[in-house]
Every structure is written in C-alpha cells, then in structure tokens.
Amino acid sequence: GGGGGGGGGDDLGAALDGDDDDGGDGGDGAHDNLDFECVAVCHGHAQDVKHVVWHRTEPVLVSCSYDDTLKVWQDDAHDDDWFCTHSLGGGAAAGAHTSTVWEAAFDDGGARLASCSDDCRVLLWRYAPHRAEGEQWARAGALSGYHDRTIYSLDWRNELIASGAGDDAICLYATAPDDGGGATGAT
C-alpha cells in the first residue's frame, strides 16, 4: 500500500518522473501511488460512474452515472465513512435526467450545481439547507434546445456555464440577473 508519510516537493517530482528511492523501476502499479491510500469506497450507483467532482469549499463529492443519476456524498466525521446524502434522479416524472449523466460542476459559491447528460440537457440544481434532510438539493431549472447531441462536459465559472457536446459545439450560458440564478443560453 502507499500509506503515511509526507514528502517535500522533490519527492513528488521524483515520483512523477518514475524515480523511487528503492531503485525499483517505478512501474509495477501496486506501489506507484505517490503516498496516497484508499480511505473510502462509495457504493450506491446502479451502473458505472462517469464523473466525480468536489465541492469547492465543503467536504462534499458529487458523482455522475450511467444510471441517470447524480449522487451527493458527504464524510461522516464520526467514523471517517462517506455516505450518500442525496440522489438526484428519478427520470422525466421528477424533472431529472432521463439518460446517462456525464458531468457536473458547482458554481463559484457552491450552492448551485449544473449537470449534463445524454438527454441533451443541462440541469440546474440548488442547495436549500432549510428543506428536509435528504431534500436539500432540488432541481432549479433546465437548459435545453441548445445542443442536439449528447452533452459530455461542462464547467461553471463567474456566472457562466460552458457545455460541450457531440454536435461539435460549445455553448455558453450567462446567469440571467432577474431569475435568481438560472441561466440563459448563447452559442
């Protein structure tokens, strides 16, 4: 395993170059982990996970999956175990994605989340801490009709969302000042 012990920048540089202190070839894979160790494995998706993204300031992780859902994971400080706090899915009836969710991105403040999917939509989610436990993340809107093929990637910076899709296009969406955080599209 890779376990404990820090190291200076020189150790990291040597590890990235494939050099190691014991004279090995650095290529067996079992010990090439830059002093990282697996501290948790999260299970909860019904099919393969396509993307994970960390919240910008909180110990929160969001995963996107082939099972058409996003899951929000949080660390349980009492036992160092991670658990799913929210499952954002449920298909068309719930206003959620209806096909593979490829990626998600938080806004700069971390209270909003965007996700993209095979269903050619970007969905917007908002965190509302006053809601009942397990229901704090709720769908806040959708951006649709801008891409006509699968949306594979997106990012959110400075009130702009960028999405890239299989239609060879990148769309930019600006937050509309009068809607409290939704977005309007532009290509």
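User: How do the residues of the lining of the second largest pocket divide into nonpolar, polar and charged?
Analyst: Nine are nonpolar, four are polar and none are charged. Here Ala, Val, Leu, Ile, Met, Phe, Trp, Tyr, Cys and Pro count as nonpolar, Asp, Glu, Lys and Arg as charged, and the others, Gly among them, as polar. Keep in mind that this is a predicted model: local features need pLDDT of at least 70, side-chain atom pairs count only at pLDDT 80 or more, and totals for chains, interfaces and linings use all residues. Residues are numbered from 1 along each chain as its sequence is written, and side-chain values use heavy atoms, with hydrogens and water left out.

User: What volume does the second largest pocket have?
Analyst: About 300 Å³. Its 13 lining residues include Ala40, Cys42, Val52, Leu61 and Trp73, the closest to its centre. A pocket is an open set of points on a 1 Å grid over the protein atoms alone, where a 1.4 Å probe fits, with protein on both sides within 12 Å along at least five of seven lines; lining residues have an atom within 4 Å of a point. Points are joined across faces, edges and corners, and the volume is the space filled by probe spheres set on them.

User: Which elements give two or more residues to that lining?
Analyst: β1 (49–54) and β2 (60–65). The largest share, three residues, comes from β1. Strands are DSSP runs of E, at least two residues, and helices are runs of H or I, at least four, numbered from the N terminus.

User: How many helices and strands are there in the chain?
Analyst: One helix and twelve strands.

User: What touches Thr100?
Analyst: Cys116 is one of the residues that do, along with Lys50, Ser65, Tyr66, Asp68, Ser117 and Asp118, leaving out residues up to four places away in sequence. Contact means heavy atoms within 4.5 Å. Thr100 lies in the loop between β4 (81–88) and β5 (101–106) and is buried, at 3% relative accessible area.

User: New topic, backbone: what is phi of Asn158 near?
Analyst: Near 50°, which is positive in a residue other than glycine. Most residues other than glycine have a negative phi. Asn158 is in the loop between β9 (151–157) and β10 (160–165), and is exposed at 63% relative accessibility.

User: Where is Glu159 found?
Analyst: In the loop between β9 and β10. Phi of Glu159 is positive too, near 65°, and the residue is partly exposed at 35% relative accessible area.

User: Last one: what percentage of the 187 residues in the chain is buried?
Analyst: 37%. The chain exposes about 10600 Å², with carbon and sulfur atoms supplying 49% of it; areas come from the Shrake-Rupley method with a 1.4 Å probe, and for residues only the protein chains shown count as cover.

Methods:
Buried means under 20% relative accessible area, exposed over 50%, partly exposed in between (1.4 Å probe, protein chains only).
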